[in-house]
Amino acid sequence: MTPALCLIDRYAAHLPVTSRTPRLTLGEGGTPLVRAPSLERETGIDAVWLKVEGANPTGSFKDRGMVVAVAKALEERSGAVLCASTGNTAASAAAYAARAGLPCTVVLPAGYVALGKLAQAIAFGATVVSVRGPFDAALAVVKELAAQGEATLVNSVNPHRIEGQKTAAFEICETLGDAPDALFIPVGNAGNITAYWQGFVESVAAGFATRRPRMYGWQAEGAAPIVRGVRVAEPETIATAIRIGAPASWQGALRARDESGGAIEAVSDAEIMDAYRDLARREGIFVEPASAASVAGLRKRAQGAGLRGASTVVCVLTGSGLKDPDTARSLTRDVALVDATADAVMGAIAHASRA
Ligand code: F0G
């Protein structure tokens, strides 16, 4: 059997790489696209597909872009990488930097990074700095440091990140045989919706697809600058990954919306949490809260403004549920603690089923 190609090799013809670009890889990409039978029954849509990006090496879609950004940093003989992050970019940058042998610094909004992401950045050996203020303040700081020549910035303002992330759109077209009618995706800093749109546009040119999907982006109500058309100084949402008030790729998101005939709308934290719980309990897929925004958005559209006859849709599930154990833990009553006997465990089961 021939070994699977790494992402950079698989899509080399469509990425800004040359034979000199190091073939860095942790096995990113090639993530599952699975049907969602419970959502199909609920919405009446023929085919609802979930792109499970939590299956990437560090548990989020960021790995697709980070592998390209860090490989290019190596090629350009950069001495270090740097990013601001709500957590997943930090985990991914730290992992690929470790693999590449480059020092990595991550700047995080203090108090708003999920535990699993922080654990990853620390384990991969990054220098971790927390700042007072939201992600937007952290991004302003790292842009300033990068401009001073401190390190290569690997936020999605680095175009190599967008290039790598667009490969998810290629994979969807390859697996389905064409683009879906509509794509549902969470929006934070807006790099990913920008990348997917670029990927779908290029898919038509490359022959992976004959058409392009309508793009539906979803922000959290308390952090919805694009929906409101104005920056949010103090963004708030349980979906900390998308707790962003001034998205760097705002224009890219508007282009994706307008050129595709889609929409960018908001879902409440309650709608996000319902989708988060139901994805796990009905579909068997455990995502982090921000990822559930895409499914919350699908539900909202299916009930409200409508899907204009869409029969094949894809929801992007951007990150693994293990990233945020505290939110998962908040879903449950206390876990029973009893003696290690069959009787005691049977008693606890009976008690749980009555509760
Ligand atoms: N979902 C997850 C799990 C994320 O971590 C992010 C962004 C998004 C969705 C939104 O993607 O920013 O491209 O619009 N996380 C960034 C980070 C901001 O620092 O990890 P986006």
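This is a predicted model: local features need pLDDT of at least 70, side-chain atom pairs count only at pLDDT 80 or more; totals for chains, interfaces and linings use all residues.
In what order do the four strands of the open sheet stand, and is the pairing parallel or antiparallel? The order is β5-β4-β3-β6, and the pairing is parallel.

Residues are numbered from 1 along each chain as its sequence is written, and side-chain values use heavy atoms, with hydrogens and water left out.

Now let us step back to the whole chain. The protein chain contains 15 helices and ten strands. Its C-alpha trace spans about 65 × 55 × 50 Å along the principal axes. A compact globule of 355 residues would have a radius of gyration near 20 Å, and the 20 Å of the protein chain agrees with that; the radius is taken over C-alpha atoms, and the globule rule is 2.2 Å times the number of residues to the power 0.38. Of the 355 residues, 57% are buried, where buried means under 20% relative accessible area, exposed over 50%, and partly exposed in between (1.4 Å probe, protein chains only). The chain exposes about 14800 Å², and carbon and sulfur atoms supply 53% of that area; accessible areas come from the Shrake-Rupley method with a 1.4 Å probe, and for residues only the protein chains shown count as cover. Among contacts (heavy atoms within 4.5 Å) between residues at least 6 apart in sequence, 71% join residues at least 24 apart.

One of the pairings to look for is C83, whose bridge partner in β4 is V106. The loop between α4 and β4 holds P103, which is partly exposed at 48% relative accessibility. Leaving out residues up to four places away in sequence, P103 touches G79, A80 and V81. P103 and T127 are 24 residues apart in sequence, yet their C-alpha atoms are 8.1 Å apart in space.

A second pairing brings together β7 (residues 182-186) and β8, again in the parallel sense, over five bridges. A182 has R214 as its bridge partner in β8. Seven of the seven residues of β8 (residues 214-220) are buried, so this strand is largely enclosed by the rest of the structure. In a regular strand the side chains alternate between the two faces of the sheet. In β8, R214, Y216, W218 and A220 point one way, while M215, G217 and Q219 point the other way.

S92 is in helix α4 (residues 88-100) and is buried at 0% relative accessibility. Neighbours within four places aside, S92 is in contact with T58, K62, D63 and M66. T167 belongs to helix α8 (residues 167-176) and is likewise buried, with a relative accessible area of 0%.

K62 leads us to the ligand, where a polar side-chain atom of K62 lies 2.9 Å from a ligand nitrogen atom. Polar contacts are pairs of N or O atoms within 3.5 Å; within protein, one must be able to donate a hydrogen and the other to accept it, and residues adjacent in sequence count only if both atoms are side-chain atoms. A backbone N or O atom of N189 is 2.7 Å from an oxygen atom of the ligand, and a side-chain N or O atom of T318 is 2.6 Å from a nitrogen atom of the ligand. Taken alone the ligand exposes 470 Å², of which the protein buries 99%. There are 19 residues around the ligand (a heavy atom within 4 Å), and S85, N189, A190, N192 and T318 come nearest.

Most residues other than glycine have a negative phi. The phi of A190, however, is positive, near 75°. A190 sits in the loop between β7 and α9 (191-206) and is buried, with a relative accessible area of 3%.

Terms used: Two strands pair if DSSP finds at least two bridges between them. Helices (H or I, at least four residues) and strands (E, at least two) are DSSP runs, numbered from the N terminus.
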